[in-house]
Amino acid sequence: MGVWRAILWRGGVGAVFAVVLLPLVAVVWLSFFNQEIIAFPPEGYTWRWYANAWSQRQFASGFLNSLEIALIAASIGVTVGTAAAYALVRARFPGKTAIAGLLLGPLAIPGVVLGTGLYVFFVQIDNAIDFQIVATLPGLIAAHVLLTIPWTVRLVAASLQGLHPAAEEAAANLGARPWTVFRRVTLPMMRAGVVAGALFSFIQSFENLELTLLLTGPGRSTLPVEMLNYLEFRVDPTLAAVATVQIVLIGALMLITDRFVNISRVVA
Amino acid sequence: MNESGRAAGRPVAALVLPAVVLVLLMMVAPMVLLFRYSLNIFSPTELMIQALTARNYLSAVTDPYYLAVMATTIRMAVLCTLIALAAGFPAAYTLARMRGRWKAWLTLATVFPLMVGNVVRAAGWMTLLGNAGLLNAALKASGLFPDPVQLMYTPMAVALGIVTVVLPYMILTLASVIEGIPRGLEEAALNLGARPLTVFRRVVLPLALPGVVAGSALVFILCMNAYATPILLGGPQFTMMAPAVYDQFVKTTNWPFGAALAFILLAVTLALTLAGRALLQRRRHPA
């Protein structure tokens with residue numbers, strides 16, 4: 001009786017994790033199918049869809065745009081987010097809780113609502129000063145910075161919380177200048193949080209769809225948006241190859257992040 | 001703190017400013033503007049006429065089409081939240097009670113799909129559920145269903161897609177709370193003769209309630225605002241609120257109405273989340 005219950009429990013739990021991972025496995029498998037029309041089991045396996053995906057302009061340019069946007073947005077977001085997290089943990093000032101809440105706000109507002117807000121805001125600026133922001137890379141980067149700030153603040157603040165300011169005070173008392181204290185003491189202490197913040201920020205920006213959707217234009221689109229447009233017509237091995245590249249990229253970034261922080265503490 | 005320390009506190013506090021300015025500019029200003037737009041009047045010729053009217057809100061909440069879309073969205077969100085809770089609890093309990101290497105790997109396996117975008121996962125479900133997909137191939141090979149079964153473009157496909165998108169959030173939120181429940185409490189109850197189900201109902205569940213509340217609220221919000229999954233797995237006939245909001249901006253360019261729909265979605269999500277939270281917490285402290 002107890003044995004059967006244990007088997008049933010484990011089987012059920014295993015099934016839950018399997019169902020979550022199943023679509024990822026399916027899409028990786030499909031990317032190697034020899035034939036273009038989906039049929040199970042496949043006739044054979046090939047790598048050629050990866051070359052084919054890269055030769056399709058919308059995927060290549062979408063990938064490069066996403067890469068550029070995510071790199072720049074993460075650099076900006078990590079810089080200002082780290083500074084903010086440091087101030088929130090170490091300094092005392094009025095309204096700290098409210099400011100912390102504000103900085104985490106972009107995570108609380110649904111992407112669709114925030115995306116529409118940014119769209120009308122950008123169009124308003126376009127009209128007011130005759131300077132195009134909608135459907136430009138700077139516009140997309142500005143929007144994505146919003147995604148990177150809360151993740152950085154959260155991760156860096158969490159990594160600072162457990163550290164005592166005594167080391168910094170000691171360095172200052174021993175005559176180190178503020179910049180030296182920051183560079184030689186504070187920054188190394190925050191390293192794990194900053195690295196994790198940078199990687200998560202990059203992933204959030206690279207994978208974002210909702211916030212991005214209205215802000216794209218011809219040639220100024222991101223990979224998830226190009227994939228969505230393609231998928232509204234069909235799913236085939238070429239698209240699966242594009243998806244697989246993303247899965248591998250994110251998997252690698254996650255494994256790197258895992259070396260720096262305890263990942264289960266990051267999301268919950 | 002001495003004088004110099006207090007003086008040094010001010011420049012440190014100033015470090016928060018760049019981030020605050022960016023969020024005010026890129027989040028607060030757009031949301032204020034969007035709300036202002038929702039009070040304007042739509043005009044097919046001039047796009048928008050400045051006004052201060054609740055007309056868009058009124059026509060949205062009286063329009064049978066949008067009422068039906070909202071009802072579909074709420075039904076789907078409630079269903080997916082309940083499934084995610086039921087499936088996520090055992091998974092979270094297992095994860096929380098694991099130790100060492102396996103726990104680290106299982107945690108990674110939970111966080112990883114969450115980081116991979118919804119579009120990629122929807123592509124996976126399209127591969128599995130299509131008429132020539134893996135599931136139909138398996139059904140055909142089993143001999144029970146010689147003709148393809150329509151799995152794609154059904155509410156079931158959307159529910160499956162959304163549940164798998166939100167499950168990792170539920171599992172991680174629940175697991176972080178369950179980890180804090182001392183194992184000894186369960187063992188004590190078992191030793192005193194309680195059956196496993198009773199231990200779960202009387203010991204684990206009440207102590208895990210904060211996790212249930214937080215996880216359900218988070219997941220419900222995500223479900224209410226699902227975009228890619230309903231579009232790709234539900235097909236053109238199945239409409240949820242988030243795609244309906246975007247259509248107002250892309251297809252019909254009725255911005256005031258679209259803005260009103262966005263705020264209605266936000267308000268309904270918030271109201272239902274708070275109501276659900278109150279309901280769960282009342283269960284905990286019966287009057």
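Student: How many helices and how many strands are there in chain A?
Tutor: Chain A has 11 helices and zero strands, where helices (H or I, at least four residues) and strands (E, at least two) are DSSP runs numbered from the N terminus. Read along the sequence, the pattern of chain A is α-α-α-α-α-α-α-α-α-α-α. This is a predicted model, in which local features need pLDDT of at least 70 and side-chain atom pairs count only at pLDDT 80 or more, while totals for chains, interfaces and linings use all residues. Residues are numbered from 1 along each chain as its sequence is written, chains are lettered from A and ligands numbered from 1 in the order in which they are written, and side-chain values use heavy atoms, with hydrogens and water left out.

Student: Why are helix 9 and helix 10 of chain A called roughly antiparallel?
Tutor: The axes of helix 9 (residues 223-231) and helix 10 of chain A come within 11 Å and cross at roughly 155 degrees, with axes fitted to C-alpha atoms, for helices over the stretch in contact, and angles running from 0 to 180 degrees between N-to-C directions. Angles under 35 degrees count as roughly parallel, over 145 as roughly antiparallel, 65 to 115 as roughly perpendicular and the rest as oblique, and the two helices are therefore roughly antiparallel to each other.

Student: Which residues make this contact?
Tutor: A:Leu223, A:Met227, A:Tyr230 and A:Leu231 of helix 9 of chain A meet A:Thr238, A:Leu239, A:Val242, A:Ala243 and A:Gln246 of helix 10 of chain A, contact meaning heavy atoms within 4.5 Å.

Student: What makes helix 5 of chain B oblique to helix 8 of chain B?
Tutor: The axes of helix 5 (residues 100-115) and helix 8 (residues 155-178) of chain B come within 8 Å and cross at roughly 140 degrees. That angle makes helix 5 of chain B oblique to helix 8 of chain B. On the side of helix 5 of chain B the contact involves B:Thr110, B:Val111 and B:Leu114, and on the side of helix 8 of chain B it involves B:Pro168, B:Tyr169, B:Ile171 and B:Leu172.

Student: Why is A:Val248 called exposed?
Tutor: A:Val248, found in helix 10 (residues 237-260) of chain A, has a relative accessible area of 54%. Buried means under 20%, exposed over 50% and partly exposed in between (1.4 Å probe, protein chains only), so A:Val248 is exposed.

Student: How do you know whether B:Asn40 and B:Ser43 are buried or exposed?
Tutor: B:Asn40 has a relative accessible area of 1% and B:Ser43 one of 6%, so both count as buried. B:Asn40 sits in the loop between helix 2 (17-38) and strand 1 (41-43) of chain B, whereas B:Ser43 is in strand 1 of chain B. Leaving aside residues up to four places away in sequence, B:Asn40 touches B:Met48, B:Ile49, B:Gln50, B:Ala51, B:Thr53, B:Asn56 and B:Pro256; with neighbours within four places likewise set aside, B:Ser43 is in contact with B:Met48 and B:Ile49.

Student: Which residues touch the most other members of the largest nonpolar core?
Tutor: Of its 174 residues, A:Leu103, A:Met227, B:Val16 and B:Ile162 do, a nonpolar core being a set of buried Ala, Val, Leu, Ile, Met, Phe, Trp, Tyr and Cys residues joined through side-chain atoms within 4.5 Å. Helix 8 of chain B gives the most to this core, with 14 residues.
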